[in-house]
Amino acid sequence: MPKHSFVLNGKKVSVDIENNVRMLWVLRDVLGVTGPKYGCGIRVCQACTSHLNGKHFNPCSVPVSDIKSSDRITTIEGLAKTAKGSLHPVQEAWIKYDVAQCGYCQPGQIMAATALINRVKKSGRKISEADLDTLRNVCRCGTYPRIREAVKYAASKM
C-alpha cells in the first residue's frame, strides 16, 4: 500500500493506505481523530470541516493522495494549540454563547468560523453580516443565531 505523510495537529504522521481513501476516514478510522464528523460525504453539511494549511477544508471530499507531506492539517483536537490559553477564542465564544445543543456539528462549525475570522482579519476588515452569511455548515438544532453571535464575539477577541 502507498505511504502518505503529513502534519496532523502539529505532529508528523504517516499512514499506509490506498490513494483514493478520503481524508475523513484516514483521520477517523486510521488515526483515531474523531472530532471531524461524517455527515454527508459530499461537502454539503460540512460537519467534517478542518483546516488544511490554515484554510477551511472538508476531509470527506479530499482523497489522501491530494495531501502532500508538507501539508498541515488541524482538526478541532488541535485548534487550542494554535492560540494562547487552554482554549481557542472561538471555542471560548461557543461556551460563552451556549451554542451547542446536540453538539454533532460543533467541531465543524468552530473550524469553519475560525477560518472565516482568520481570512477576514487577514484582509484587514472586521467581520460583517455578509461574512457570517458565508458560513454554510448545517446545524440540525438550528442554533444559527447563537453561532453568529459567538463568531462576532470571537472575532473581537482574535
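## Sheet and flanking helices

Helix H1 (residues 23-30) lies across E1, E2 and strand E5 (72-74) and runs at about 80° to E1, where contact means heavy atoms within 4.5 Å. The model is a predicted one, in which local features need pLDDT of at least 70 and side-chain atom pairs count only at pLDDT 80 or more, whereas totals for chains, interfaces and linings use all residues. Residues are numbered from 1 along each chain as its sequence is written, and side-chain values use heavy atoms, with hydrogens and water left out. Helices (H or I, at least four residues) and strands (E, at least two) are DSSP runs numbered from the N terminus. Axes are lines fitted to C-alpha atoms, for helices over the stretch in contact, and angles run from 0 to 180 degrees between N-to-C directions.

The open sheet comprises 5 strands in the order E2-E1-E5-E3-E4, with mixed pairing; two strands pair if DSSP finds at least two bridges between them. Strand E2 (11-16) and strand E4 (55-57) stand at the edges with a single partner strand each, so one side of each is left without a neighbour in the sheet. Neighbouring strands are turned by 40° against each other on average, direction ignored. Strand E1 (residues 3-8) pairs with E2 in the antiparallel sense over 6 bridges, and Phe6 stands opposite Val13 in E2. Helix H4 lies across strand E3 (50-52), E4 and E5, running at about 45° to E3.

## Packing of H3 and H4

Helix H3 (residues 89-96) packs against helix H4 (residues 106-122) at an angle of about 125°, with the axes 9 Å apart. That makes H3 oblique to H4, since angles under 35 degrees count as roughly parallel, over 145 as roughly antiparallel, 65 to 115 as roughly perpendicular and the rest as oblique. The contact is made by Val90, Gln91 and Trp94 of H3 together with Gln106, Gln109, Ile110, Ala113, Thr114 and Ile117 of H4.

Trp25 and Tyr38 form a tilted aromatic pair, 5.2 Å centre to centre with 40° between the planes; rings of Phe, Tyr and Trp (its six-membered ring) pair if their centres lie within 6.5 Å, and planes under 30 degrees apart count as stacked, over 60 as edge-to-face and the rest as tilted. Trp25 is in helix H1 and Tyr38 in the loop between H1 and E3, 13 residues apart.

Ile127 lies in the loop between H4 and helix H5 (129-133). Not counting residues up to four places away in sequence, Ile127 touches Leu116, Ile117, Val120, Leu132, Val151, Lys152 and Ala155.
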